[in-house]
Amino acid sequence: MIAITPPPRPIFEPGQLVQHRRYGYRGVVVGRDEACQADAAWYAKNQTQPDRDQPWYHVLVHGSLSCTYAAAENLMADPSGRPIDHPMVPHFFSEFVDGHYVRNDEPWPG
C-alpha cells in the first residue's frame, strides 16, 4: 500500500497579508503558534475544528476590531498588496512596505 502524504500546510510570517479560505476576510498575521494553544472549550465552539497540530495564526481582520485565531489550512496568501484597516496595526507594525507589514518588537499578548 502506498502512503499518501497530505500537501504541506502554508506557513505565514508576522506581517504577511492573508485571506481566510472559508469566510473570505482579509487580514495581517500578527503572531503564530506552532500548534493550537486555545483551551478545549474554545476549540469545541470552533465551527470548523481543524487539526490542532498545525500552525495557528493570530490575524488582525481588515475593516473590523476583530482578531481571529485561524489554522494554517484555513488561510491563504492575500496577493492584493493592499494595507489592512485595523486599529491595532500601528501597535504591532512599524511600516507597510511592498505589500507586507514590518513587525515591531511589541510582543503578542499570548
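1. The charged end of Arg103 sits over the ring of Phe93, 5.9 Å from the ring centre. A second case has the charged end of Arg52 over the ring of Tyr43, at 4.7 Å from its centre. A charge is taken to sit over a ring if NZ of Lys or CZ of Arg is within 6 Å of the ring centre and within 35 degrees of the ring normal.

2. On the basis of the note: this is a predicted model, in which local features need pLDDT of at least 70 and side-chain atom pairs count only at pLDDT 80 or more, while totals for chains, interfaces and linings use all residues. Residues are numbered from 1 along each chain as its sequence is written, and side-chain values use heavy atoms, with hydrogens and water left out.

3. Across the whole structure, a search finds eight aromatic pairs. One of them is edge-to-face: Trp42 and Tyr69, 5.7 Å centre to centre with 65 degrees between the planes. Trp42 belongs to helix α1 (residues 40-45) and Tyr69 to strand β4 (residues 67-71), so this pair ties together parts 27 residues apart in sequence. Trp42 is partly exposed at 33% relative accessibility, whereas Tyr69 is buried at 15%. For Phe, Tyr and Trp (its six-membered ring), rings pair if their centres lie within 6.5 Å; planes under 30 degrees apart count as stacked, over 60 as edge-to-face and the rest as tilted. Buried means under 20% relative accessible area, exposed over 50% and partly exposed in between (1.4 Å probe, protein chains only). Helices (H or I, at least four residues) and strands (E, at least two) are DSSP runs, numbered from the N terminus.

4. Trp42 and Tyr69 also belong to one aromatic cluster with Tyr43 and Trp56.

5. Which residues form a tilted pair? The rings of Phe96 and Tyr101 do, because their centres are 4.5 Å apart and their planes at 50 degrees. Phe96 is partly exposed, with a relative accessible area of 28%, and Tyr101 is buried at 5%.

6. Strand β6 (residues 93-97) and strand β7 (residues 100-103) run antiparallel and are joined by four bridges; strands pair if DSSP finds at least two bridges between them. Glu95 stands opposite Val102 in β7. The two strands form a hairpin with two residues between them, and Asp98 in the turn has a positive phi of about 50 degrees.

7. Gln54 lies in the loop between α1 and β3 (56-61) and is buried, with a relative accessible area of 1%. The side chain of Gln54 makes a polar contact with the side chain of Glu73 at 2.9 Å. A polar atom of the Gln54 side chain also lies 3.5 Å from the backbone nitrogen of Ala72. A polar contact is a pair of N or O atoms within 3.5 Å; within protein, one must be able to donate a hydrogen and the other to accept it, and residues adjacent in sequence count only if both atoms are side-chain atoms.

8. The largest nonpolar core has ten residues, including Phe12, Tyr57, Ala72 and Leu75. Its largest share, three residues, comes from β3. A second, separate core of nine residues includes Val28, Ile84, Phe92 and Tyr101. Such a core is a set of buried Ala, Val, Leu, Ile, Met, Phe, Trp, Tyr and Cys residues joined through side-chain atoms within 4.5 Å.

9. The search finds zero disulfides (pairs of cysteine sulfur atoms within 2.5 Å). For Cys36, the nearest cysteine sulfur is that of Cys67, 13 Å away. Cys36 is buried at 9% relative accessibility, and Cys67 is partly exposed at 35%.
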